[in-house]
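Please look at the sequence and the model first.

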Amino acid sequence: IALPKITIAAAPADTICSGTPVTFTAAVANDASTPLYQWLLNNTPVGTNTSVYMTDTLHSGDRVTCMLPYIFGDTVTTLSNTIFVTVDSFPNAGAITGPDTGFKGDSITFSATAPGGVWNCSNTNAIVIGNKILGVTTGMDTVRYILTNACGADTANQIVSIWDCPS
């Protein structure tokens, strides 16, 4: 008689965004009886005696496995494959630093606390070149720094007034 074999899979995936619910499903082969399931999260028992385990509180580095106790004369335990979880966090654009006023024709430099974002302006009073804006016409403009990853986007804003050059 062949011992039972258990394999598990994660949906939507083993790499998720923070707070995303994940459903782990076990498939058992070579078992004519009603299997008993013991889910393990980092080797600690979780879940109930069912082929499905769902959670939304995972952290990067968590390990999920399922144990299948099988009584064949003596109790034999079969372990599933292990799923290693990676949890990505939502982006945080942080803060923009730079002056809140400038003159037409001036190049104003801004910086952001988080690397890898994209700069833009909300109006046509200024144009963006990298992390610098160039005052084009007088008025107010909102400088935006947008940081995006697989989990979403976050925006930091700063209002800038563009003035006529002093005479």
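Are Trp 119 and Tyr 145 buried or exposed? Trp 119 is buried, and Tyr 145 is buried as well, where buried means under 20% relative accessible area, exposed means over 50%, and partly exposed lies in between, with a 1.4 Å probe and protein chains only.

## Basis of the description

The model is a predicted one, in which local features need pLDDT of at least 70 and side-chain atom pairs count only at pLDDT 80 or more, while totals for chains, interfaces and linings use all residues. Residues are numbered from 1 along each chain as its sequence is written, and side-chain values use heavy atoms, with hydrogens and water left out.

## Aromatic pairs

The structure holds four aromatic pairs, a pair being rings of Phe, Tyr and Trp (its six-membered ring) whose centres lie within 6.5 Å, with planes under 30 degrees apart counted as stacked, over 60 as edge-to-face and the rest as tilted. The rings of Trp 119 and Tyr 145 have centres 4.7 Å apart and planes at 50°, so this pair is tilted. The pair links distant parts of the chain, since Trp 119 lies in strand E15 (residues 118–121) and Tyr 145 in strand E18 (residues 139–149), 26 residues apart; strands (E, at least two residues) are DSSP runs, numbered from the N terminus.

Phe 24, Trp 39 and Tyr 53 form one aromatic cluster. Trp 39 is also among the residues in contact with Thr 65, contact meaning heavy atoms within 4.5 Å. Thr 65 itself lies in strand E7 (residues 63–72) and, at 10% relative accessibility, counts as buried.

## The salt bridge

One salt bridge is present in the structure, under the criterion of a side-chain nitrogen of Lys or Arg within 4 Å of a carboxyl oxygen of Asp or Glu. Asp 164 forms this bridge with Lys 104, and the closest N and O atoms are 3.3 Å apart. Because Asp 164 lies in the segment after strand E19 (152–163) and Lys 104 in the loop between strand E12 (101–103) and strand E13 (107–109), the pair ties together parts that are 60 residues apart in sequence. Asp 164 counts as partly exposed at 46% relative accessibility, and Lys 104 counts as partly exposed at 33%.

## Backbone geometry

Most residues other than glycine have a negative phi, and most peptide bonds are trans. Against that background, a cis peptide bond joins Ala 11 and Pro 12, with omega about 15°, and Pro 12 is placed in the loop between strand E1 (5–11) and strand E2 (15–17).

Two asparagines have a positive phi: the value is near 55° for Asn 42 and near 70° for Asn 43. Asn 42 lies in the loop between strand E4 (38–41) and strand E5 (44–46), and Asn 43 is likewise placed in the loop between E4 and E5. With 28% relative accessibility, Asn 42 counts as partly exposed, whereas Asn 43, with a relative accessible area of 58%, is exposed.

Thr 7 has its place in strand E1 and counts as partly exposed at 36% relative accessibility. Not counting residues up to four places away in sequence, Thr 7 touches Thr 25, Ala 26, Ala 27, Ser 80 and Asn 81. Thr 7 and Thr 82 are 75 residues apart in sequence, and their C-alpha atoms are 8.7 Å apart in space.

Lys 132 is placed in strand E17 (residues 132–135) and, at 36% relative accessibility, counts as partly exposed. Leaving aside neighbours within four places in sequence, Lys 132 is in contact with Ser 107, Ile 108, Thr 109 and Ile 127. The side chain of Lys 132 makes a polar contact with the side chain of Thr 109 at 3.1 Å; such a contact is a pair of N or O atoms within 3.5 Å, of which, within protein, one must be able to donate a hydrogen and the other to accept it, and residues adjacent in sequence count only if both atoms are side-chain atoms. The C-alpha atoms of Lys 132 and Gly 98, which are 34 residues apart along the chain, are separated by 9.7 Å.

Ile 127 also belongs to a nonpolar patch on the surface, formed with Ile 129 and Val 136 and having about 260 Å² of accessible area together. Patches are made of residues with over 30% relative accessible area and no salt bridge, like charges being joined within 9 Å and nonpolar side chains (Val, Leu, Ile, Met, Phe, Trp, Tyr) within 5 Å, and accessible areas come from the Shrake-Rupley method with a 1.4 Å probe, where for residues only the protein chains shown count as cover. Ile 129 lies in strand E16 (residues 126–129) and counts as exposed at 56% relative accessibility.

Methods:
Helices (H or I, at least four residues) and strands (E, at least two) are DSSP runs, numbered from the N terminus.
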